[in-house]
Amino acid sequence: METKILTASDTDIAFAGEIIKNGGLVAFPTETVYGLGANALSSDAVKSIYKAKGRPSDNPLIVHIAEKEDIIPLVKEVLPKAQALIDAFFPAPLTIILKKSEIIPDATSGGLDTVAIRMPENEIARRIIKASGVPVAAPSANTSGLPSPTRAKHVLDDMNGKIDAIVDGGDCKFGVESTVITLVTDVPTILRPGAVTKEMLEEVIGEVALSSAVLEGMKDGEIAASPGMKYKHYSPRAKIVIVDADKEQYETFVNTRKNAFALCFDGDEISIPHLSYGSENDDLSQARELFDRLRQLDEMGARKVYARIPAKSGVGMAVYNRLIRAAAFNIIDLKKPYTLGLTGQTGAGKGFVCEYLKELGFKIIDADYYSKKLTKKNSPIFPALQAEFGEDIVKDGVLNRKLLARRAFISRERTDKLNSIMHPEIKKLCRAQAKGLCVLDAPQLLEADMQDECYKLVSVTAPESLRLKRIKERDNITDIEAKERISAQHPEEYYLSQSDFTVINDGKSDIKEQINRILEEIL
């Protein structure tokens, strides 16, 4: 069909109203995002919304009204708390869920016995609803799953040829969808945050809960009581990853990413391709810009985007809610240790892997370094080692490392004894160093039971002949001593079976390319 572009003139508003009244589809601006309107009382009209958007039919729609009293025939009862919210806020970016009346078809309510209703603040929207003479069901006017439209151009990009008309009313004021609160639960509960915040609602009706699905997504089998809960939403074609970090951590991290874009705040010093979605301390600016920036990233050809996390308070809660769904809940928390465990047999060549990861911005936590630090002169751990491996391994407060190695690596049982003394203390020292993006380089990582400290495990492997050569050169030991060290360790299969990824360091394979592929998947 031909999609007509209309203005906010009286003639075009009347024409848009007639289209909706007669069962057609019209996109129009609201203060939140552009909505795709149809007659909420007509199952056929509502079904055409689902078809145009490619939207699942069990995802309920919001019914828009032009006057406060228009809610009365649409619900079984206007509860006292609902009336208080209506009096305090309507018209507003606020949606209230109540038990529906018989005139609301299942197609509009997603098969639920409730209905979501709001009175938009935008004057153009209310004029169109009035002109139609019916309540108007209107989800966001975009292809389902893509970022919501905040400009008429966004609607045209997604809906041209699929709907009857678009009313161009300029940019939307807030840029994120309305707050949705249900009043059919024991405690009124926010199902989707928006510009009307939890604090604002509580000033009017007292205690208000926040649904766990707002920040964590829905549980298996849970029924979506509101739009924006059940499915992946607001997502561009690029893969979005949220980075939880302060300004400096975020800049350091994203500036070492390759073939990636950044979605940052004004003033962030970013060297890779990037867009800002507002000011760090202005959640309203973030809300206005977010969806437009997500669409721009697609236009720029972005394939992977690292987004700086917004605050989870005020309108920032709404911004975070949309962004976490755009990212399909992929998040890297650099305020907590984000540790990549690196292990493998001795001589496999983990050092080269560490050097490259260090170039990419990782902090290297070298377990061997802390092992040596733990055994410095007059270490308090020496009595335990002497009790197991002989008094003569320590002389004048100094550990004879070669003597200890000869006695500890002679068999698996003796190695395990050494590990039982050393590993708990090494683990404590390494844990204290874990901050931000880290690599835990620990040959005995699995034996020390340190895998729980790590996000993912990577094993480095190499042929035995090459490992022997490396060990002899590195430690200046004989061929027999090198073989003893290898035999005292677990076989290669032990490491591979418990690791998420493998790097082959055989002197032929491209190690950097292997690491880049691993990081592309996990970061």
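This is a predicted model: local features need pLDDT of at least 70, side-chain atom pairs count only at pLDDT 80 or more; totals for chains, interfaces and linings use all residues.

Biologist: How are the rings of Tyr-494 and Tyr-495 placed?
Modeller: Their centres are 5.3 Å apart and the planes make 85°, so this pair is edge-to-face.

Biologist: How many aromatic pairs are there?
Modeller: The count is four. One of them joins Phe-253 and Tyr-306, with ring centres 5.3 Å apart and planes at 90°, so that pair is edge-to-face.

Biologist: Which charged residue sits over the ring of Phe-253?
Modeller: That is Arg-257, whose charged end lies 4.3 Å from the ring centre. Elsewhere, Lys-456 has its charged end over the ring of Tyr-455, 5.5 Å from the centre.

Biologist: You mentioned E15. What sheet is it in?
Modeller: An open one of five strands, paired in parallel, in the order E14-E13-E15-E12-E16. Strands E14 (274-276) and E16 (331-333) are the edges, each pairing on one side only. From one strand to the next, the twist averages 20°.

Biologist: How many bridges join E13 to E15?
Modeller: Three, between residues 261-264 of E13 and residues 304-308 of E15. Phe-261, for instance, has Val-305 as its bridge partner in E15.

Biologist: Which helices lie on that sheet?
Modeller: Helix H9 (residues 247-254) packs on it, touching E12, E13, E15 and E16, and its direction makes about 170° with that of E15. Helix H11 (residues 316-326) lies across E12, E13, E15 and E16, at about 130° to E12.

Biologist: Switching topic, how many residues are in the largest nonpolar core?
Modeller: There are 46, and those touching the most other members include Leu-36, Leu-85 and Leu-201. Helix H2 gives the largest share, five residues.

Biologist: What does Leu-201 contact, leaving aside its neighbours in sequence?
Modeller: Beyond four places in sequence, its contacts include Leu-85, Phe-89, Leu-94 and Ile-181. Apart from this core lies another, of 34 residues, among them Ala-245 and Val-503.

Definitions and conventions: Residues are numbered from 1 along each chain as its sequence is written. Side-chain values use heavy atoms; hydrogens and water are left out. Two strands pair if DSSP finds at least two bridges between them. Helices (H or I, at least four residues) and strands (E, at least two) are DSSP runs, numbered from the N terminus. Axes are lines fitted to C-alpha atoms, for helices over the stretch in contact, and angles run from 0 to 180 degrees between N-to-C directions. Contact means heavy atoms within 4.5 Å. A nonpolar core is a set of buried Ala, Val, Leu, Ile, Met, Phe, Trp, Tyr and Cys residues joined through side-chain atoms within 4.5 Å. Buried means under 20% relative accessible area, exposed over 50%, partly exposed in between (1.4 Å probe, protein chains only). Rings of Phe, Tyr and Trp (its six-membered ring) pair if their centres lie within 6.5 Å; planes under 30 degrees apart count as stacked, over 60 as edge-to-face and the rest as tilted. A charge sits over a ring if NZ of Lys or CZ of Arg is within 6 Å of the ring centre and within 35 degrees of the ring normal.
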